Structures are given as C-alpha cells and as structure tokens.
Protein chains: 2
Amino acid sequence: MTIRESILHIYPLPEASLLLLTELLEPVQLRKGHILLQADKVEKEVYFIEKGIVRAYAEREDSDITFWFGQEGDIVISMRSYVDQQAGYESIELLEDCNLYRVHSHTLQQLFETDIAIANWGRRFAEKELIKTEERLISRQFRTATERYQELMQHQPGLLQRVSLGHIASYLGITQVSLSRIRADIR
Amino acid sequence: MTIRESILHIYPLPEASLLLLTELLEPVQLRKGHILLQADKVEKEVYFIEKGIVRAYAEREDSDITFWFGQEGDIVISMRSYVDQQAGYESIELLEDCNLYRVHSHTLQQLFETDIAIANWGRRFAEKELIKTEERLISRQFRTATERYQELMQHQPGLLQRVSLGHIASYLGITQVSLSRIRADIR
DNA sequence: AATATCATTTTACAAATGATAAAAAATGCG
DNA sequence: CGCATTTTTTATCATTTGTAAAATGATATT
C-alpha cells in the first residue's frame, strides 16, 4: 500500500487536497531502536508509516507499557502535542528499520484550517482511532487474557513475527510470564 | 454552562458557524431510566447534554459494562453509527431526568462537509475523547484498582452522589464486590 | 409497623495473575 | 563456530480479583 492509498483509506480526498497534503511529506529512513517521539515533550512532528512497525509506550519508574502498535498505513503522533500543544504521555520506538514520511504538526494544522476536505480527513482519523481504543477498553473487561490473546492473533496474525512477546503481553495488559503461561496452556 | 458555551469549549467557532449548529438543535426532556441509544442498531441521533447524567454500556450475555459517563456539556453518540453508519456497540441509559438537545447525525455530517469551522470542531471533539480514552487504557495498566478509584474520586468528586457503586465499579474495570472491599480498606 | 424493592457490604472459596528466580531456547556477533 | 546477550519458558509462592450467596442498609409504599 502506498502512502497515497493509506491516506485515502482513512477518508477519500479530492486530488487537489491529496496533493496539498502529500507535497508536504518528507521521506525519512530510520533504524530499528530509534526513538521517534519522546514522552513528556511537546513533539511537533507527525509521521506516516510506509514500511516498518513501531510501538507507543508510556514509562513508569522501572517498567513501561506498550499501548499501541503502528504499522504500514498508520500515522504516528504524540496525541497531546497534536491536539493541545502539550507534552505527550507516549514515546515511540521503532521495532524495525522504517520508511516514514514526516510533516510538521503545525503545517498539518494549517491545512486543517484552510482545506475542508483535509479537516474532515483529520476528523475521521481521530474518530477511527477512538473506536479502536474504546473497543480495546471494553474487550479488556469482557474477555480473559487468554481470549484477548487469541483475538489479537486472529486479527493480526503477522504481529507475532515482528514484535517480541514482552511487548505483546504489555499491550494485552498482562506480564510476559502470564502470557507465556497462556501460550503453554493453549497448546 | 449553556449549550453554546459547551460547544465553544470544545473548539472556538465563529458566530456564524455556531448559529448554523445551534439552530438545528431540538430540545428534548427525558426521564431517568430511558434508553437513549440501543447497541447493535444504527443510531442516527446525536445528543448534547444540558442537564443530567448518562452512562454508555456494552452488553454481554448476563452482565453489562459501563465504559463512559456523560454529563453536562458532553455529547452522546453511537460512535460506530456516527463514523461509519454501522451498528454501534454501546447503549446509553439516562441515570437522571435529563435536558438534552438533539440533532440528526446526517444533518451534522452535512455541516462537516460544508463548514470548515464545524469540521474542525468535530475533529477536535473526537481528538479530545480519544485522549481521554487512551489515558484510561493506560491508567488501567499502570494503577491498581484502589489507585484508579481514588483518582476518579479526586477528578469527579460529585460522581458518587449521582451514580451507583455498581456502575462505578464497572467503569473502573472491577466488580462491585471488589470496589466494596477497596472502600472498606481505605477507611 | 410491615412489606417490598433495590443498593451495598460482607463472607468464603476458587481462579487468575503477579513477583521472583532460574532454566532453556533463540538470537546476534566477532 | 562459540560466546554473550536477549528472549521465552517453567516453577513456586503470594496477592488480587472474581463468583456466589447471605446479610445489612436504605427507601418507598401500604
């Protein structure tokens, strides 16, 4: 899937608006392990993932928890920076070498103010992410850890090959040891 | 807080756009216990809460879980209906007699397509809800049930007077029995 | 008062998960 | 390959949370 296609997949844009947006995108290649965005900072860059996989995590004293995986076609932002120009709660780590496209958040905000199709594209982007997040919150309450793991494997069968079990356990809201037990029980 | 004020609190609208939006709102009064929106249906109405409190819940075989409370200034929608014209996962129950304003989702969508300020207002609305939901997801992983309860009581001290402990326990992701134990331990 | 209804707390027991440590397996690199 | 490092599994025990049922409390109605 090209960047153009993944943009249009969120919300159909007329060609003129699509051009406005894509012209601003700068290609960036970065290596596995790179920290794309830092928690507790106001991060001004927005990234589109063309190739690769990343995780968003929040840090605590000793551990961190992964609460989002971004893959081909996804958009990476520091949500609080993007919405309110405040320090964000998430850091973003590249879990593979990535091909990204970068744009300044400010530039994007200007497009939102001037191009109605792009404003609605931004609206739809937030709405879709919101649905996914609410569904995860509900799933965590209704389903056991085992069921959540099986659900994830069904929806994202390729994830296991790209992401360590520690990150997946964290994403599911359990410890790595628990996930290992669950995997042993399923067999 | 008036409806006008709560709309502007989400995103500042010029007077002309604000009028476009508010002219479409129909006042509705409904009684405690009324089911405003039904899960598994495509719900076409959007509601603004002027007075009262509601809960969004998802149903399972025998139980239901509350995952959102809406109060004065909040907006009530069936998220999947609103975004994709698909059946939603949430039902909405009025927990008090409510003064609401109603607008057809279709009408709102038309405003999004024609008024850029309103499109950005809709964008900001979704973004703010998204931040709140992500923070709850993270909080559920980082904090114990006791901490989450105390956090909620700090941020929403009035909630306990308006909502039963059963709903609050569900919102926190624990059983009512657990919450009762927590409350006993805190004392 | 007596009754009914609903919300909350308490109790006892079972199941799930966490913490910790250690072993085993997989991976990366000189 | 062989070694070091990281990841995953296994085992043990403590803690948390869930389930079910009973007891208590609160409120309204008769």
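A polar contact here is a pair of N or O atoms within 3.5 Å; within protein, one must be able to donate a hydrogen and the other to accept it, and residues adjacent in sequence count only if both atoms are side-chain atoms. With that in hand, a phosphate oxygen of DNA strand D is 3.1 Å from a polar backbone atom of L165(A).

## About the model

This is a predicted model, in which local features need pLDDT of at least 70 and side-chain atom pairs count only at pLDDT 80 or more, while totals for chains, interfaces and linings use all residues. Residues are numbered from 1 along each chain as its sequence is written, chains are lettered from A and ligands numbered from 1 in the order in which they are written, and side-chain values use heavy atoms, with hydrogens and water left out.

## Two helices of chain A

Let's start with helix α8 (residues 165-172) and helix α9 (residues 176-186) of chain A, which pack at an angle of about 95 degrees with their axes 8 Å apart. Therefore α8(A) is roughly perpendicular to α9(A), a label for angles of 65 to 115 degrees. Helices are DSSP runs of H or I with at least four residues, numbered from the N terminus. Axes are lines fitted to C-alpha atoms over the stretch in contact, and angles run from 0 to 180 degrees between N-to-C directions.

On the α8(A) side, L165(A), G166(A), I168(A), A169(A) and L172(A) meet Q176(A), L179(A) and R183(A) of α9(A); contact means heavy atoms within 4.5 Å.

Sugar and phosphate make up 55% of the atoms of DNA strand D that come within 4 Å of the protein.

Two side chains also reach phosphate oxygens of DNA strand D: a polar atom of S180(A) at 2.9 Å, and an N or O atom of R183(A) at 3.2 Å. Helix α9(A) gives the largest share of the surface near DNA strand D, six residues.

## How the chains pair

Chain A can be laid on chain B with an RMSD of 0.1 Å by a turn of 180 degrees and a shift of 0.1 Å along the axis. The two copies are thus related as by a two-fold rotation axis. The superposition is by least squares on C-alpha atoms of residues with pLDDT of at least 70 in both. In chain A, R123(A) has the C-alpha nearest the axis, 1.9 Å from it.

Methods: Angles under 35 degrees count as roughly parallel, over 145 as roughly antiparallel, 65 to 115 as roughly perpendicular and the rest as oblique. A residue is near a molecule or strand if one of its heavy atoms lies within 4 Å of it.
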